[in-house]
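The entries follow in the order in which I looked things up.

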Amino acid sequence: MSDEQKPSILRQPPAVWAIAFACMVSFMGIGLVDPILPAISAELDATPTEAMLLFTSYLLITAIAMFFAGFISSRLGVKRTLLIGLVLIVVFAALAGLSGSVGQIIGFRAGWGLGNALFISTALAAIVGAASGGSRQAVVLYEAALGLGMAVGPLVGGLLGSISWRGPFFGTATLMGIAFIAITVMLRADTEPRERISFTAGFVALRHPALRTLAITALFYNYSFFTLLAYSPFPIAAAADAAGFEFGAQELGFVFFGWGVALAIASVLVAPVLTRRFGLRPVLFAMFGLLAAALAVMALFATSAVVLITVVIVAGLFLGVLNTALTETVMEATDLPRSVASSTYSGVRFLGGAVAPAVAGGIAVAFGVGAPYWFAVGSLVVAIVVLAVAGHRITRHAIPHESAEEEAEAITVGDQV
């Protein structure tokens, strides 16, 4: 076979590049608002708790939608579900940029979360179906788009946010609008019949003891994750200001860009190596312990910008490994359809992420700036105890090793924060 005929990741139909671009922007949207939270709080006269509710509304609706995403896409088809998700993101991101109060932004972020859940739940199937050269080539592109979006999101949010806090919202709406046009034109309509998923499949899946155990573990872990992600911009900015440094949205964007790069590298490259060598549960316990130690350091040095910034970036490595290792455990611990298991697991764990931003500000006011991190440490302790006590329920089923598409789905759900 000549070099021109060999499969190449770069030789893909335009539809694949359109979907990959949309995936990247979608994952950018997760961390896009992080650097602008202090600016929104200051300019809209909102408390840090109110500003952090931008994460809560987004994650809460995403969590609920994940339980039904499979049912919806199995009825509407991949392309139609993708486009509906994109339309929702465009509309609600633009409305958030036009908002005059933090309450309005919170509401529009909820609609954004619904659109993101619909889009992400079907993007993998779309990119695999449209790719040439086999599914492995498509998966590499998909994972590259995922990692790039997670890393670049905070950076773009910081750069646009340094101009105006509205910039990241309008930027997302514009990019997703371009993606909508590209997918509309380039992606063919569904031609193959899809297996229909029942309306209650996501809830029924929680009857499985192993999935329920892992979902509860991830619920408490995700509380810690979003304490770090959503709350940290405020003590970092305050500590920098106290030290006499100018630390706005752009500087916060660079901090969380470093965090995103660490998370992406660890989730895609480091986690598979560690789990193959040491096993899933030992890696989970080790990473939980390291993350708890990192959060404890942040609690003790919550007034030091240098310490907080350093630990946030380093913690990205632990979070990346945990995301992938937890989801891989879910994939191997049940004989449920992988799409159902991953969506149910994701829905439960997002609830933990929704709670953390809602309570972190109040905890800080009541008990001090480092207190939210101590609560996050306590949440990790609960996660460790649940995994240790109910670990006997987690058994490996005699199922074939996942395909490339299913492997990517596991990583995707792990990185949906």
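**Aromatic pairs**

I counted 14 aromatic pairs, taking rings of Phe, Tyr and Trp (its six-membered ring) as paired if their centres lie within 6.5 Å, with planes under 30 degrees apart called stacked, over 60 edge-to-face and the rest tilted. I looked up Phe92 and Phe108: their ring centres are 6.3 Å apart and their planes stand at 40°, so this pair is tilted. Phe92 belongs to helix H4 (residues 78-97) and Phe108 to helix H5 (residues 102-130), so the pair ties together parts 16 residues apart in sequence. Helices here are DSSP runs (H or I, at least four residues), numbered from the N terminus.

The model is predicted: local features need pLDDT of at least 70, side-chain atom pairs count only at pLDDT 80 or more, and totals for chains, interfaces and linings use all residues. Residues are numbered from 1 along each chain as its sequence is written, and side-chain values use heavy atoms, with hydrogens and water left out.

I noted Phe92 as partly exposed, at 21% relative accessible area, and Phe108 as partly exposed at 22% (buried is under 20%, exposed over 50%, partly exposed in between; 1.4 Å probe, protein chains only).

**Cluster and charge**

I found Phe55, Tyr221, Phe225, Phe226, Phe256, Trp259 and Phe288 linked into a cluster by ring pairs. The charged end of Arg109 sits over the ring of Phe55, 6.0 Å from its centre. Arg109 also lies over the face of Trp112, 4.8 Å from the ring centre. My criterion was NZ of Lys or CZ of Arg within 6 Å of the ring centre and within 35 degrees of the ring normal.

Terms used:
Helix = DSSP H or I, 4+ residues; strand = E, 2+ residues; numbered from the N terminus.
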